[in-house]
Amino acid sequence: MAVTTRLTWMQEKNLQKHFGGKQFTLLYKASIHEFSTRALFQRCCDQGPIVVVIYKEHNIVGVYMKEGCKKKEKISAVIFALKENEISECKIKPHFPTILFYDSGGGWDELEFHVSMKAQTMTMDSATMEKLGLPQIQTTPFQECEVFRCEGMSPAFSLELRRKSVGLEFPGAPIVDNLLDISTLKGITDLRENLFSNTKRYKPYRDLIPQVRILLLGPTGAGKSSFFNSVKSVFRGHVTHQALVGSHTTGVSDTYRTYSIKDTSDGNLLPFILCDSMGLHEKEKGLCMDDIANILKGHISDRYQFNSMKPITPGHSNYIDQPLLKDRIHCVTLVLDINSVEYLSHEMIAKIKKTRRQLIKCGVQHVVLLTHVDSMDLMTKGDLTDIYRCVPVKHKLEAVHRELGFALSDILVVSNYTSEWELDPIKDVLILSALRHMLWASDDFLEDFTS
């Protein structure tokens, strides 16, 4: 059975942020591994920086050892108290860990802090309690003790992320606590390369068309153009910004653009086209609903200048009278800023639902893409490796499902390249996984269209 922490997600994130954005790996849990100093030292010595978390009846206190736990060396430590979302701390003078966490020997009254694992009691002097804002009770019982190793980044990829990618199998890879364990950056890079090569080898259903067309729709500033730039960056091997990116209020995409990307290895076009459009808007100045239908059916060509008040009509130079299957849209991706999904206006929700009814009427497969996930409160880089199990992200997915009716399995999450100078394999995995899901949806459309 998996050993889990008693910390809530918010408590853990607050501690991680407070101690420098570290990821926590649970090494020891007293109720599982025994309330004894021997068991604690056996599992936690020489593990690098650690955080000891002690659960009392009404509060949580702990010790941060930046230098780690070493039996025969004095270490500096920081004592902290976690109250709701606030953390107070104070430094204590260097001690041997065996003095701070030992069950016999005496002399504890002279220490600022001491834990007796066997007796399940914690002792603290009055000055330390005052600094931490704790009640002046020198010795108190505790119910649980956990110790975490502090690391720079979590090495685990969730099975959910793996499922949302390409269904890759890694022979011999151990599955631990429902996680696909990838212990080094090389493992992350290998996963990215598998996704990358599988996407390049993709062929539309029964080779009916050379490239599938994926339409990006969404409110102004949601990240439509940024997603195209991110996809192109992945396949170009460096960060690029071909599509201009606008603000949340104005945007710049008032022209219909169809973007193909070349394979840098052979110069051939990749098997998909990303189509960028004018943003959806609550008022009349956004993308015209009639133009959405025209785009879906393949009537609008590249570089058409949208008119919010008037849809395109036959006879226009950008109007395609008899579109072929390759001209149609095969998948629509509704792009939303993950930070705004719970604050969409009633007018915007109504417009999105109306758009979705149009998609269903035309038989076009559609998914949701949530962007800006890396800007969520307390989000760390390590969270991106386990994004679909991250509690705040799950709440956002449920909000989209509840408000807009999309299936949870059709809601994807990415972190676009917006201000970075270099590519990041973790971001690449999210981007390629989302793109792969869109290709699958396109195949579903082609199969339905020809059946």
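This note comments on one strand pairing and on several salt bridges.

1. The model is predicted: local features need pLDDT of at least 70, side-chain atom pairs count only at pLDDT 80 or more, and totals for chains, interfaces and linings use all residues. Residues are numbered from 1 along each chain as its sequence is written, and side-chain values use heavy atoms, with hydrogens and water left out.

2. Buried means under 20% relative accessible area, exposed over 50%, and partly exposed in between (1.4 Å probe, protein chains only). Strands (E, at least two residues) and helices (H or I, at least four) are DSSP runs, numbered from the N terminus.

3. Strand β9 (residues 144-151) pairs with β1 in the antiparallel sense over 6 bridges; pairing requires that DSSP find at least two bridges between the strands. K29 has E146 in β9 as its bridge partner. A network of salt bridges also links K29, E144 and E146.

4. The whole structure holds 16 salt bridges, each defined as a side-chain nitrogen of Lys or Arg within 4 Å of a carboxyl oxygen of Asp or Glu. One of them joins R38 to E34, with the closest N and O atoms 2.8 Å apart. E34 is partly exposed, at 40% relative accessibility.

5. R192 forms a salt bridge with D428, the closest N and O atoms being 2.9 Å apart. This pair links helix α7 (residues 185-201), which holds R192, to helix α12 (residues 425-450), which holds D428, across 236 residues. Both R192 and D428 are buried.

6. D263 and K200 form a salt bridge at 3.5 Å, N to O. D263 lies in the loop between β14 (257-262) and β15 (269-276) and K200 in helix α7, so the pair ties together parts 63 residues apart in sequence. D263 is buried, with a relative accessible area of 10%, whereas K200 is partly exposed at 26%.
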